[in-house]
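Biologist: I have the two chains open and would like to talk through how they are put together. Could you start with what you mean by a contact, and then we can go on to the helices?

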Amino acid sequence: MLQFKLVLLGDSSVGKSSIVHRFVKDTFDELRESTIGAAFLSQTIKVESEDQQEVVIKFEIWDTAGQERYKSLAPMYYRNANAALVVYDVTQEDSLNKAKAWVEELKNKVGDEDLVIFLVGNKVDLCEGSDNEDKRAVAATLAKQYAEDQGLMFDEVSAKTGHGVKEVFQAIGQRLYDTKKEELATRQRGNGNDGQVDINVPRPSTNDTTGCCS
Amino acid sequence: MAPQSFTNRLAMIKSPSVPNFAGSDPRSKKVECDHISDPRLLSALTLELSDARNSAVLSNLQIGKDHLESRDNSSSNLSVLDLYNDNIDDDDVNLPGGKEGSSGSIGSEINLLGHELNLLSTTPEVDPDDADSDNHRDDEDDDGDDNSIDQNRPKETPHVNESSKVSGSREISLEDQYDEYGFKKQSNYADTEVYNRWSQEYSECCSRRRFKWRQLMQKHRISTDGSSVPLVFPPKNEKLKRYVRKGIPAEWRGTAWWYFAGGQETLDANIGVYDKLVKKVEKIQRGHKAEKYSKVLSDMEIIERDLNRTFPDNVHFQKNDTSSGEEPEMITSLRRILVGFSIYNPKIGYCQSMNFLAGLLLLFLREEKVFWMLVIITSRYLPGVHNVNLEGVNVDQGVLLLCVKEYIPELWAQIKPTCEQTVLSTRGKRPVKNEFLYRLPPITLCTASWFMSCFIGVVPIETTLRIWDCMFYEGSHFLFKISLGILKLSEHKLNMNKHRGRGSPLNKFYQHGDSSSGERVDRLYGEDESDIEMFQVIQSFPKSFIDVNDLFDRTIFKKRASFNNLDQEEIDRCRKYVQTQRNKYKEFVEHKDVRGGDSRQIGEQTRATSVSNAPKSKGVVPSTAPSSPSLRKQHGKSGTLRDDTDLRTVLGREDYGFKRSLTNGNWNNGLKQKMRQMRKKRDK
């Protein structure tokens, strides 16, 4: 089993906790209590290796409070994270700007090239159907373009209907597996003693000197 | 209560602080007019009554006052009150039943559950301290001569009522989905059945306590006749403290909190202030001086998003199905309070978690009082905690860590590596003394919310209320005490999990819960599996403390639990120490930045932080050290060493010294341990 740390970031009430709950418990509440501080959850998925074997991946999910002032606690969240889900609300234009700020911060502060950043537009259910098209405030093409420019993964989901949520985590899991498998194999070989690998290989530190915040 | 002049009290009655009764208040007149012109007169009136609140407390208080003040201006009030009192007797409460669905707070799936309730009631304690635990079961204490239970006395339940219906007092039947405060009984951690089993026993305990409280009050000649709620309480002493720790009767809670927190003094010093704020809020809502209030406006946006996410499981905060989308009165009040507060205290503005504080208070107190209680909590009990830079949270977390280090060394042994790891992975240097104060370990992400929301959502509601009773009576140090108590229990829990077959270091990589499956877990980052487990236990375990008496017996009432020696003075001193140290650290970083050119941008960050009112400045990372990067900069080796030495000099060598009492038997844990070891050796 592989274990990865995943953090959720994004403006308040874009649906971070709802996405996690859809993924972990497959439930949805129209009104969910605002998250204070952080919440930890975990969920496993299966991905496929090259030789068609199933590999179990466990996500340790850190769900965070969205309000700006909690940002000061953020470094604790994303320290050692393997993946970040940056969420915005497709009906709130400003939430994409907040998401972009998070992406910037992650790129500046997390000195890990392998960090998988997935930009997610939530609440697409609100603008489904011809009546509701005007509710959309962020065009999918716009966000997608941004994601491509920044080298992020991107998709739109609905925590309410469940549309696309599992796929996001599946894609992250697959990507993480693909990037880490070689590292793992090397380490296992290098270690020699079958099974017990030293996994405490220090990773690039968060917030190292390459980080630049202009 | 502080003696107040007659005019003062009169002013209070006249002031809109009592909007529903004071005939002299223009706003309230308007409300009455609305009622008359409203075709649904009756329902509107009841709505107002229910607003009168939320509490029989208010009406009773009002009755009490009217008596005291010799019917000066109360004739118009009385009619309403009479009606209200009539209504109280009608027990026609129909709760919106059958509502299934989500339960509560963002729990955690965590597979550890299920066992936990059992654990609470059955686990034999392993701590040697526990042998002499001083369990105060309900009746053992006190005078001993008053154990008779007044069976005939009508059972009072709090005044809280269904949103648009007056329900004064009502019994909660087993079929009800909601408890007496309107919260959903069922949660991830206890289903309705478990809840009912506990609550039956607990309500008996409550009526015993209520009886004792009445006796105590009688001794002090404070009237508690009928359903009247006392306006004053006896002077503070050990006995009263014990009474409070065993729970204030639910229907007295509002006035008791108000009294112990000194709410009236604050209100008296600020007569009319809230009313002005409310007017300002209305103006701002209409777009008045938008530029001047841009900060308030941005707070309003966040408040608006949070209003319906405040206790969505509580009936009083839910939209009434029948009233076609009308906003619950609670939500309207909550908005006024929070926006008003944002204007009143720009240093804080609005901080998520204040919605819960105000929301819970609204179940027990009227709007204006809730506002002042919020002012008191955020300034006196939790100074700085909700500030824009959250520095107060960080200080309190530092204090908590120092306390854990001092009082729960076994848990500290588990937290410590995560602190060191934080330092190593980010700095690769030798840590300075108590570095964890400046780079808080991740566990504080969990415990921070305990303080920010004063345990709302952290523990079950009855437990939260008990903690609030004690917090208002004893002061903020109680939050640290109960936190330590909970952490201590969590530590037992963690140990038990370990003993369930994952004690050996070889098992380090196995996922908890399915260690038997023998699957290996590869972690690609440095955190040990046990960290995550620790987070999960500390996050979810407290939610299972449904039996508040049991929790208190195992923590607060345990005389030998050393952390019970903590007092307010100690916590204040410790807060000051942590604050000073953190400031020194911050200053050092800034100062260094002035000297060394290469860390200029870091200085900018830190400065921006101290200005702190910069919600827009991205990447600003205040005080929380993990991000303050200058110390992490890879200087030349000598530079690093010098900086480290300098920093050590600046911070000083002195550790925080907890005061020790010679009498409590815990004055020297180190020595005690040594004695134990010596004895062991000798026995061998």
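Modeller: By contact I mean heavy atoms within 4.5 Å. With that cut-off, and taking contacts in chain A between residues at least 6 apart in sequence, 73% join residues at least 24 apart. Please keep in mind throughout that this is a predicted model.

Biologist: What pattern does chain A follow along the sequence?

Modeller: Chain A has five helices and six strands, and read along the sequence they come in the order β-α-β-β-α-β-α-β-α-β-α. Of its 214 residues, 60% count as buried.

Biologist: And how many helices and strands are there in chain B?

Modeller: Chain B contains 26 helices and one strand. It has 684 residues, of which buried ones make up 57%, and among its contacts between residues at least 6 apart in sequence, 75% join residues at least 24 apart.

Biologist: Let's stay in chain B, then. At what angle do helix 9 and helix 15 of chain B pack?

Modeller: Helix 9 of chain B, residues 253–260, and helix 15 of chain B, residues 367–381, pack at an angle of about 45 degrees, and their axes are 11 Å apart. That angle makes helix 9 of chain B oblique to helix 15 of chain B, and the crossing of the two is left-handed.

Biologist: Which residues make the contact there?

Modeller: Helix 9 of chain B contributes B:W257, B:W258 and B:F260, while helix 15 of chain B contributes B:K369, B:W372, B:M373 and B:Y381. Sorted by class, this contact between helix 9 and helix 15 of chain B has six nonpolar residues, no polar ones and one charged.

Biologist: What about helix 14 against helix 15 of chain B, how do their axes cross?

Modeller: The axes of helix 14 and helix 15 of chain B come within 9 Å and cross at roughly 135 degrees, and these two helices of chain B are therefore oblique to each other. In this case the crossing is right-handed.

Biologist: And which residues make that contact?

Modeller: On helix 14 of chain B they are B:M354, B:L357, B:A358, B:L361 and B:L362, and on helix 15 of chain B they are B:E367, B:V370, B:M373, B:L374 and B:I377. The residues in this contact of helix 14 with helix 15 of chain B divide into nine nonpolar, no polar and one charged. B:M373 of helix 15 is also listed in the contact with helix 9 of chain B.

Biologist: Changing topic, which residues of helix 12 of chain B are buried?

Modeller: The buried residues of helix 12 of chain B are B:V296, B:D299, B:M300, B:I302, B:I303, B:D306 and B:L307. What covers them includes helix 11, helix 13 and helix 14 of chain B. Helix 12 itself, residues 294–307 of chain B, has 14 residues and reaches 20 Å from its first C-alpha to its last, close to the 20 Å expected at 1.5 Å a residue.

Biologist: One backbone check before I go: what is phi of B:K289, and where does B:K289 lie?

Modeller: Phi of B:K289 is near 45 degrees, which is positive although the residue is not glycine, and B:K289 lies in the loop between helix 11 and helix 12 of chain B. Most residues other than glycine have a negative phi. B:K289 is partly exposed, with a relative accessible area of 43%.

Biologist: And B:R221, is that buried or exposed?

Modeller: B:R221 counts as exposed, at 79% relative accessibility. Its place is in the loop between helix 7 and helix 8 of chain B, and phi of B:R221 is near 55 degrees, again a positive value in a residue other than glycine.

Terms used: Residues numbered from 1 in each chain as written. Chains lettered and ligands numbered in written order. Predicted model: local features only at pLDDT ≥ 70, side-chain atom pairs only at ≥ 80, totals over all residues. Heavy atoms only, no water. Axes fitted to C-alpha atoms, helices over the stretch in contact; angles between N-to-C directions. Helix = DSSP H or I, 4+ residues; strand = E, 2+ residues; numbered from the N terminus. Parallel < 35°, antiparallel > 145°, perpendicular 65-115°, else oblique. Left-handed = near helix turned anticlockwise from the far one by under 90°. Nonpolar A, V, L, I, M, F, W, Y, C, P; charged D, E, K, R; others polar. Expected span 1.5 Å × (residues − 1). Buried < 20%, exposed > 50% of the residue type's maximum accessible area, 1.4 Å probe, protein only.
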